[in-house]
Amino acid sequence: MSSDKLLRVLQLDDSDARIYDPVATPGEWAVPGSFHFWDEPLEGLSGARRQAFANGFLGIGSFGWTTLVTVAEIDRAELEQVTRALAEHLVEAFGAPDVAAALPAAREEVAFAQGLCDHPVGSVIAVSRSFDGREFSEDFRRWTAPTEIDHDHFKIFGVDIQDP
């Protein structure tokens, strides 16, 4: 079975539950979800909605928000299920006429999310969105876990420690 990559919700602690309403479910697939804000006056966002705009990824299933996602492998059958679930969400939440009409937009959003996955599996991705009154911008940041730790030399509280 062939596999691709997609973003998966990563929650390291319960902070997302205190920030977002609704909150995404750990381990579910995710997309950036910026389309959720296209028709909103961005200057007036506040609270959980403001946080979702500024730093959130949209979980596919719960349609809640999360701060961090990780790059993960997904097989093509599951990728199609995720795309269809997103299309159904576009019908239910945004009034798309039907799933067939919503599928191209869902595929575009999933393809954009896959474009963020051009990194090793396990890489962590975060987003920062802003609106300056005229333009909307997104900045995606990536962290990859170190593959090797230099045990002979490391810093603790700014002090160099070396083994004898």
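Biologist: Phe57 first. Buried or exposed?

Modeller: Buried. This is a predicted model, and in it Phe57 has a relative accessible area of 0%. That is under the 20% cut-off, so Phe57 counts as buried.

Biologist: And Phe140, what's its relative accessible area?

Modeller: For Phe140 the value is 23%. That falls between 20% and 50%, so Phe140 is partly exposed.

Biologist: How are the rings of Phe57 and Phe140 arranged?

Modeller: Their centres are 6.2 Å apart. The planes sit at 50 degrees, so the pair is tilted.

Biologist: Where are the two in the chain?

Modeller: In distant parts. Phe57 is in strand E3 and Phe140 in strand E7, which covers residues 136-143. They are 83 residues apart.

Biologist: How many aromatic pairs in total?

Modeller: Seven. Ring pairs also join Phe37, Phe53, Trp65 and Phe136 into a cluster.

Biologist: Switching to the core. How many residues are in the largest nonpolar one?

Modeller: 39. Leu6, Leu7, Phe37, Phe57 and Leu86 have the most contacts inside it.

Biologist: Which elements supply it?

Modeller: Several give at least two residues each, among them strand E1 (3-10), strand E5 (68-75), helix H3 (76-94) and helix H4 (99-115). H4 gives the most, with six.

Biologist: Last one. What lies over the face of Trp29?

Modeller: Arg8, at 3.7 Å from the ring centre.

Definitions and conventions: Residues are numbered from 1 along each chain as its sequence is written. This is a predicted model: local features need pLDDT of at least 70, side-chain atom pairs count only at pLDDT 80 or more; totals for chains, interfaces and linings use all residues. Side-chain values use heavy atoms; hydrogens and water are left out. A nonpolar core is a set of buried Ala, Val, Leu, Ile, Met, Phe, Trp, Tyr and Cys residues joined through side-chain atoms within 4.5 Å. Buried means under 20% relative accessible area, exposed over 50%, partly exposed in between (1.4 Å probe, protein chains only). Helices (H or I, at least four residues) and strands (E, at least two) are DSSP runs, numbered from the N terminus. Rings of Phe, Tyr and Trp (its six-membered ring) pair if their centres lie within 6.5 Å; planes under 30 degrees apart count as stacked, over 60 as edge-to-face and the rest as tilted. A charge sits over a ring if NZ of Lys or CZ of Arg is within 6 Å of the ring centre and within 35 degrees of the ring normal.
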